[in-house]
Amino acid sequence: MKLQEFLEELQDVIDTEMELEPSTPLEDIEEYDSIAVLSLMSFFDELGVDISAGEFEKFERVSDIIERVGDVVDG
Amino acid sequence: MAKLSFDDISIKAVVTTAGDKKLKIEDEASKFSYDEKSLKRLKRSMGFESRYVLSDDSVCTSDLCLASAEKIFEGLDIGPESIDALIMVTQTPDYRAPSSAIIMQHRLGLTEDTIAYDINLGCSGFINGLFTAYSMINSGLGRVLLCVGDVASRFAYERDRNLTPLMGDAGSAVLIERGGGSRSYFLLRSDGSGYRHLIIPDGGCRRPFSKESLELRVSQDGSVRRDMDMYMNGAEIFNFTIKVVPTMFDELLEFAGMGKEDMDYFVLHQANRYILRNIAKRLGVSEDRLPMDTVSIYGNQNSASIPGTINAFLSDSYSNSSLRSIFAGFGIGLSWGACIVDTESIFAPGIFHYEKKERE
């Protein structure tokens, strides 16, 4: 998946109007709450990426999410 | 490997009695300190709307189950002496000891020949309880009364914004007996490595009740609870659910040699609307065959949520037709299980609400 495509999908998963950049701090996204974390976990699962709930607490920026999905984003 | 099948055993009656008092989320919102926007989001995603609890703190799960059982005796015109075993699945027993089921044997007027004991399970309790009942009949008993439920509103602290808005009180009674012809299939699993994700930490032998058990603890998200109350890590439970539940359906269907299209209904533990919608999407099953409104109206009824959904939303279908259903429960333990059963016009009246009777 291309980076731009992934960012748009992420926006959809988090259910926010805000345009996301890798540098966007997660705390700036109003909709990034406990429900968004559930949606993200489901998204990770669909991508075949194993993640524990605790890892989300350490994420600070959109780039942390991109890094965690690894090979899914290819450019 | 806990995949098993049974022949010629079937469910004859399902009755649920819920709490008598309706609490609306709008009226409770201030307790959980939700702002207007997050309340709207929680209503839409999680299905927060209302829940039914008991107005009288002295009423227990056993009272709800007894009310349900009496409706079965009346409805099917059977006597208490015909019951060979009473299994009570609950996490809110009358006393820490003895088993509530034994007290219920006496209160219901069952004979001394009755086998009676409790099983400590929640979300997966109906499936495990049903499995126990089927196993007992398979071993030679004729008729088993399975009671399931919790006064769940009482083990969550009133200001726990993750758990309390979901918790409803209900107790069901289910009659299982020999006969009915068809084959039933069960799959049951456990994973104790996740026991911390849904737990009442204090009050057992590991951490006895103490003064500290009453201290208010505020979590990062603003939720307030004490260590004597139920704690839930919602994200971990959700993650567990999406990983194990769809796989469990595939495995059970394969074991039974059936497909999703062979099922009339998928009645799942009603954890919250968000989880159910996610599972339904993964299974590719529409909402008319996979009901998900129970939490929004009654709250999460724990082990009574599957019978509760049948009585509240599918009473006509189960009362008047032959159905093939898949039931599935998943949660505290961690424990999960599913079964495929056929039913033939069973006694399944609409859900009742508790009415206090004068005790003799």
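This short talk covers the interface between chain A and chain B, then some backbone features of both chains.

First, the ground rules. This is a predicted model, where local features need pLDDT of at least 70, side-chain atom pairs count only at pLDDT 80 or more, and totals for chains, interfaces and linings use all residues. Residues are numbered from 1 along each chain as its sequence is written, chains are lettered from A and ligands numbered from 1 in the order in which they are written, and side-chain values use heavy atoms, with hydrogens and water left out.

Now the interface. Contact here means heavy atoms within 4.5 Å. On that basis, 17 residues of chain B touch 18 residues of chain A. The two chains bury about 1400 Å² between them. That is accessible area, with a 1.4 Å probe, lost on putting the two parts together and summed over both. Carbon and sulfur atoms hold 48% of it. Which three residues lead on the chain B side? B:Arg41, B:Lys243 and B:Tyr274 supply 34% of the area that chain B buries against chain A, more than any other three residues.

Next, charge. A salt bridge is a side-chain nitrogen of Lys or Arg within 4 Å of a carboxyl oxygen of Asp or Glu. The rule finds nine across this interface. Over all chains the count comes to 28. Take one pair. A:Asp15 sits in the loop between H1 and H2 of chain A, and B:Arg41 in helix H2 of chain B, so the pair joins two chains. Their closest N and O atoms are 3.8 Å apart.

Most residues other than glycine have a negative phi.

Which elements build the chain B side? Helices and strands are DSSP runs numbered from the N terminus: helices are H or I with at least four residues, strands E with at least two. Helix H2 (36-46), helix H6 (234-256) and helix H7 (273-283) of chain B each give two or more residues to the side that touches chain A. H6(B) gives the most, with seven.

So how does H6(B) run? At 1.5 Å a residue (times one less than the number of residues), its 23 residues should span 33 Å, and the end C-alpha atoms are 32 Å apart, which agrees. There is still a kink of about 25 degrees, centred on B:Thr241. That bend is the angle between axes fitted to the seven residues ending there and the seven starting there. After H6(B) comes B:Gly257, with a positive phi near 65 degrees.

Last, peptide bonds. B:Ala97 and B:Pro98 are joined by a cis bond, omega about 0 degrees. B:Pro98 is in the loop between strand E4 (85-89) and helix H4 (100-107) of chain B. B:Gly333 and B:Leu334 are also joined by a cis bond, omega about 0 degrees.
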